[in-house]
Amino acid sequence: MSTLKAVRGTRDLLPPETALWNRIEATARDVFARYNFGEIRTPVFEDTGLFARGVGEETDIVSKEMYTWEDRARAQSEKTQSLTLRPENTAGVVRAYIEHGLGESGLLQKLYYIGPQFRRERPQKGRYRQFSQIGAEVIGPPSAGSESPLRDAEVLEMLATLLDELGITGWTLELNSVGSSADRERYNQALRAALVPVVSQMCPDCQRRAETNPLRVLDCKVAADQPIIERLPVIADSLDEESKKHFAAVTAALDAAGVPYTLNHRLVRGLDYYTRTTFEFTHGGLGAQNALLGGGRYDGLSEMLGGPRAPGIGFAIGEDRLVLTLLAQLDQKAAPPQVADAFIAPLGEGMNAAALVLARELRHQGLWIELGEGSFRLKKSFEAADKTARQIVILGEDELQSGILTVKNFSTGIQSKVPRGELAVFLAEPAN
RNA sequence: GCGGUUAUAGUUCAGCGGCAGAACGCCUGACUGUGGCUCAGGAUGUCGAGGGUUCGAUCCCCUCUAACCGCCCCA
């Protein structure tokens, strides 16, 4: 019988790596707070219809990657409900926006989330079936300014700030506009028309894409196809005046703020709800999964879900990919194991209870304490202490009677006698 | 979902159709209340799982599972 393991595409996160996850999340919360975002937590599963309508029936995510099941009916007469583990979080946030009438405040809603998402894809490095996204949405009624290109620019500037504060170096912001849904439709037709005479010279994948999703042809990496792709129409030419004006305002604001970006007119994103601005922050160290985060504007999503008009813009960061990138940059050396301030070594099992009392005192004073075990020989206590703490406190009969404790610092090698009343202050001083 | 590579000790990895190996880590002692350095000794394990070929399989064959790489797609 084989032992049980974490299922395919899922994994355990262990210390010390979890410390990095916590640092990333703390930094994100800090940055979001400065931009006046509040946290939203939506359910991990939702009615399947939310994703079918919100993300799009024809997308890969909905058509083949969702974890969906029929919920048990409570009564014979009741119909079962189709539920799905969320494959992304924007649809859930917009559902909550509609459900709670958040638009009625007349204010812009600025919401962020951190949490697991689920897609049944073939796992690879940087791609898991349960993965974590850090995302945010700016959404509200047009009267709150939700359509303004300033919102796009602010979100992008915030992301640049976040990546910089996380210490991610070498990222690239790729930017495009896919226009309104009408613009997109017009472009699709132009693209199909332009492909007809040339598609037979292209790779088999492109021949298939030309049928199923012409926009995807732009993503082709086959070298021989590139000259053909170069001559295909560009989406910018299909944008209406409003969309052009919007995009020009976004780039102008980014220029003013000094946020570097690259225009990529081939950047088309896979979710149906995107309109106008779309973007991706990429990083070279991630291999085939080079997108650190992706996002864009979704002016029609609320209405697609039966809500009021509520334009918005948002993004999702692949937290797993952030961790991979930082781990690669840190080069393992800058991952110091977490060590306690002090290790308390009781001498003999008779000292165990007294050691707990001492540990309690010190912990209540804010110190990180590792509590040893009296049956250990002192040598063994030292060995354990050296791996888990900066210093060791010896608690034997002598120390208990006299109230003068023996402390040894591992980095300096200095051993000291410290009165119990001064112990907490002494231990807190890194140089002792 | 498709193609390729891989799977041996806690970890990183050698290995061979005939007793399962190294390094690091771990445990014990030298050192009875003093770690790191050193020395001596010890345990590492269903050789990913299941089946087949063979006198004999960790090794060859098949199936499965998983990781990694590429495709698809995406965070």
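Modeller: A crossing is called left-handed if the near helix is turned anticlockwise from the far one by less than a right angle, and right-handed if clockwise. The model is predicted, with local features needing pLDDT of at least 70 and side-chain atom pairs pLDDT 80 or more, while totals for chains, interfaces and linings use all residues. Residues are numbered from 1 along each chain as its sequence is written, chains are lettered from A and ligands numbered from 1 in the order written, and side-chain values use heavy atoms, without hydrogens and water.

Colleague: Which hand has the crossing of H5 with H9?

Modeller: Helices here are DSSP runs of H or I with at least four residues, strands runs of E with at least two, numbered from the N terminus. H5 spans residues 149–166 and H9 residues 241–257. Where H5 passes H9, the crossing is right-handed.

Colleague: At what angle do the axes of H5 and H9 cross?

Modeller: Axes are lines fitted to C-alpha atoms, for helices over the stretch in contact, with angles from 0 to 180 degrees between N-to-C directions. The two axes come within 8 Å of each other. They cross at roughly 40°.

Colleague: Which strands stand at the edges of the five-stranded sheet?

Modeller: Strands pair if DSSP finds at least two bridges between them. The sheet is open, with mixed pairing and the order S13-S12-S14-S15-S16. Each edge strand has a single partner, so one side is left without a neighbour in the sheet; these strands are S13 (369–371) and S16 (415–419).

Colleague: Which residue in S15 is the bridge partner of Val393?

Modeller: S14 (389–395) and S15 (404–409) run antiparallel, joined by four bridges. In S15, the partner of Val393 is Val407.
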